[in-house]
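Subject: Handover of a structure for your study

Dear colleague,

Please find below the structure that I promised to pass on to you. I would be grateful if you read the notes that follow with the structure open beside them.

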Amino acid sequence: MTLQEKFESNQFVVCGEITPPQSCDGNVLRDRSRHFKGFVDALNVTDNQRAIVRLSSISSATILLDEGIEPIIQMTCRDRNRLAIQSDLLGAAALGIRNVLCLTGDHQTFGDQPEAKGVFDLDSIQLIAAVATMNSGFLLSGSEMKKPPEFFIGAAANPFAEPFKMRLIRLHKKIAAGARFIQTQAVFDLGIFARWMERVVEMGLHEKAAMLPGVMPVRSVKTLLWMKEKLPGMRIPAEFFSRMSQARDPEEEGITIAVEMIRALKNIRGVRGIHIMPSLWESVTPRIVKEAGLHVAH
Amino acid sequence: MLPPHGQSSIRNASAKSRITPLLENLVALNIRPITVRERKLSHILLFLEDIIKVPLFRCQRCGECILSSTAFICSQNCPKRLRNGPCGGTGEGGSCEVFPDRKCVWYRIYFRSRLLHRVSLLYKVNSIHNWNLEKTSAWLNLFRGRIQGSMLFLRNDTQKVKDIISDDAAGKI
C-alpha cells in the first residue's frame, strides 16, 4: 500500500525523516534507514538540509526504494531554477518515486557555504502548483507530456512562527495549489498547536489535506538550546528545558517527552498521522513508535 | 542593461503548447516580447518609476509589480524574494531569519494589510516571476498587458476581490 492509499483509506500514518550522509557512501544511508524499516509508512529524505551539501535526495530515495522503504523526497527552491526542478522531478518519477514534499528551502547563509547564490526562482507555493501542473500532463512551458508523472504532493507548515494568521492563509494557499499532506515543524508548544488545529478544522482544511504534526526527540539540553538558537521559527517552552536539565538520564527523558507528545497529538481533531524527525538519532525511532502505541500497516 | 526579450517568441511558435487555466495563472506564457522601440520607452518610464517607487517602497525593480496586493510594501526585499507569504523562519516578534536585525517583510505586509483592510488580497497565489521583466518598467508592462492588473483600489470583501481569489490557478486543480 502506498502512502497515498493509506491516507485515502483513513489510516493513521507514521512518517520518519532521514538525513543523507555528506559523502557518496550509500551504505551509511542503508544503515541509517534500517532503524526505520517496519516502523514508518514513509521516510522523508532531506534535500541539502540547512544548506549543507549532502547526498542528493533523489539518489538517496532510490537507495531507500531498494531497501523496501517508501521515500518522500524533499524538493527545495534554493538550489534549482524551474528548469532543473522539472527535470529532476521527471527523473524522480522515472525512478519510481511518488511522494514529493515541496519546500522553499533554508537560506544559503545558514549553511557551510554562505557565499553561494540562492536561486529561489519559485517559492514553495508555486512549486506545489508546478508539480500539480506536471501531474495534469503539462510542463511549465505549456508543452504536453505523453506520460505525466503521478506525484503525491506534500508541503510543510510552521504553526509556531509569527504572524500566526498569515500561516493559515499560507496553508490555505498551499492546499489550494495542490498539497495533499502537510508536515509541520516540530511541536513542543502543544497549546499553540491545538489552537492552530482548531482554526485548520474550522477552515475545513483538514479534509482537503492530511495534517501530520512533527515530533522531534531530543537527546540533551544542549541540543534543545542549539535548536532554540539556530533553528528559526522554533518555539520551545521553558518547561522542557527544566525537565531535560533535571533528568538523571536525559536520553530517556527525551524519549518520554516525545512519546507523551505523540499521545497528546493523536487525540487532537484533524491529526491524521505523525511525522517523527529524529535528526541523526535514528536508532530511537522503533522505541518511540512502539511506546507511543503506533501501528504501521504493511 | 535590459536583457534580450525576443526569446519568448520561440515558445509562442510551438504548435504543441497549450495553456491550461492552471498554467495561465502560474507562469506568464505567450506574453508580447519587449521590442527595441519599447525598450527606450521602458527606460524613460523606469526612470520616473524609480523616483517614486524606490524611496517610497524600496522598490527592487522586478518589473512585475505586486505592491497593490502586498499592502504597498515591496515583497522583493525578502532575502528569498518570496511572492506568496513568509517562509517558516520568522522569529519571535517578526524578525527575519537571515537578517535578525530586520523585520520580516511579510510580517510587515500582513500587519499593514490588516490596517488597510486588504487581508483577503493575501489569499491570491502570485505567479512565478518572469525574469525577462527584471529592471523594466512595471507601468509599461501593465499597460501592455504583460502583467496582471493592479489591485490598487480594491479592498476586502468586494465582489471583485472574491472573483480574483476564486478565479485563481489554485481553485482549478
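Strands S6(A) and S7(A), the latter covering residues 210-215 of chain A, run parallel and are joined by 4 bridges. Within this pairing, A:Phe181 stands opposite A:Ala210 of S7(A). Please bear in mind throughout that the model is predicted.

S6(A) is also joined to strand S5 (residues 152-157) of chain A; these two run parallel, with 4 bridges between S5(A) and S6(A), the latter spanning residues 181-186. Two of the residue pairs can be located by name: A:Ala155 has A:Ile182 as its bridge partner in S6(A), and A:Ala157 has A:Thr184. Is S6(A) mostly covered or mostly open? It is mostly covered, since 6 of its 6 residues are buried. Together with helix H6(A), the strands S5(A) and S6(A) make a β-α-β unit, and this unit is right-handed.

**The barrel of chain A**

How many strands close into the barrel, and in what order? There are 8, and in chain A they follow the order S1-S2-S3-S4-S5-S6-S7-S8, with parallel pairing. From one strand to the next, the twist averages 25 degrees.

**Strand S3 in detail**

S3(A) pairs with strand S2 (residues 42-45) of chain A in the parallel sense, over 3 bridges. One of the residues involved is A:Leu43, whose bridge partner in S3(A) is A:Pro71. Between these strands the chain passes from S2(A) through helix H3 (residues 57-66) of chain A to S3(A), and this β-α-β crossover is right-handed. H3(A) lies across S2 and S3 of chain A and runs at about 180 degrees to S3(A).

S3(A) is joined by 5 bridges to strand S4 (residues 99-103) of chain A, and the two run parallel. Here A:Thr76 stands opposite A:Leu103 of S4(A). S3(A) and S4(A) form a right-handed β-α-β unit with helix H4 (residues 82-94) of chain A.

In soluble globular proteins, nonpolar side chains tend to be buried together. In this model, the largest nonpolar core holds 90 residues, of which A:Cys102, A:Ile128, A:Val131 and A:Val215 touch the most other members. Helix H5(A) gives the most to this core, namely 8 residues. If neighbours within four places in sequence are left aside, A:Ile128 is in contact with A:Cys102, A:Ile153, A:Ala155, A:Lys174, A:Ala177, A:Gly178 and A:Ala179. Another core, of 17 residues, lies apart from the largest one; among its members are B:Cys96, B:Ile109, B:Leu121 and B:Tyr123.

**Chain B**

Which kinds of secondary structure does chain B have? Chain B has 6 helices and 0 strands, and from the N terminus its elements run α-α-α-α-α-α. Of its 173 residues, 39% count as buried. Among the contacts in chain B with a separation of 6 or more, 66% are between residues 24 or more positions apart.

Helix H4 of chain B covers residues 105-115, and its buried residues are B:Val105, B:Trp106, B:Tyr107, B:Ile109, B:Tyr110 and B:Ser113. These buried residues pack against helix H6 (164-177) of chain A. Just after H4(B), B:His117 takes a positive phi of about 55 degrees.

**Where the two chains meet**

How many residues does each chain bring to the contact? Chain A brings 37 residues and chain B brings 41. On the side of chain A that touches chain B, the elements giving two or more residues are helix H5 (124-135) and H6 of chain A. H6(A) supplies the largest share of that side, with 7 residues. By type, the residues of this side of chain A divide into 16 nonpolar, 15 polar and 6 charged.

With kind regards,
Your colleague

How values were computed:
Residues are numbered from 1 along each chain as its sequence is written. Chains are lettered from A and ligands numbered from 1 in the order in which they are written. This is a predicted model: local features need pLDDT of at least 70, side-chain atom pairs count only at pLDDT 80 or more; totals for chains, interfaces and linings use all residues. Two strands pair if DSSP finds at least two bridges between them. A crossover is right-handed if, with the strands pointing away from the viewer, the path from the first strand over the helix to the second runs clockwise. A residue is buried if 20 or more other C-beta atoms lie within 10 Å of its own, exposed if 12 or fewer, and partly exposed in between; C-beta atoms are placed from the backbone. Two residues are in contact if their C-beta atoms, placed from the backbone, lie within 7 Å. Ala, Val, Leu, Ile, Met, Phe, Trp, Tyr, Cys and Pro count as nonpolar, Asp, Glu, Lys and Arg as charged, and the others, Gly among them, as polar. A nonpolar core is a set of buried Ala, Val, Leu, Ile, Met, Phe, Trp, Tyr and Cys residues joined through C-beta atoms within 7 Å. Axes are lines fitted to C-alpha atoms, for helices over the stretch in contact, and angles run from 0 to 180 degrees between N-to-C directions.
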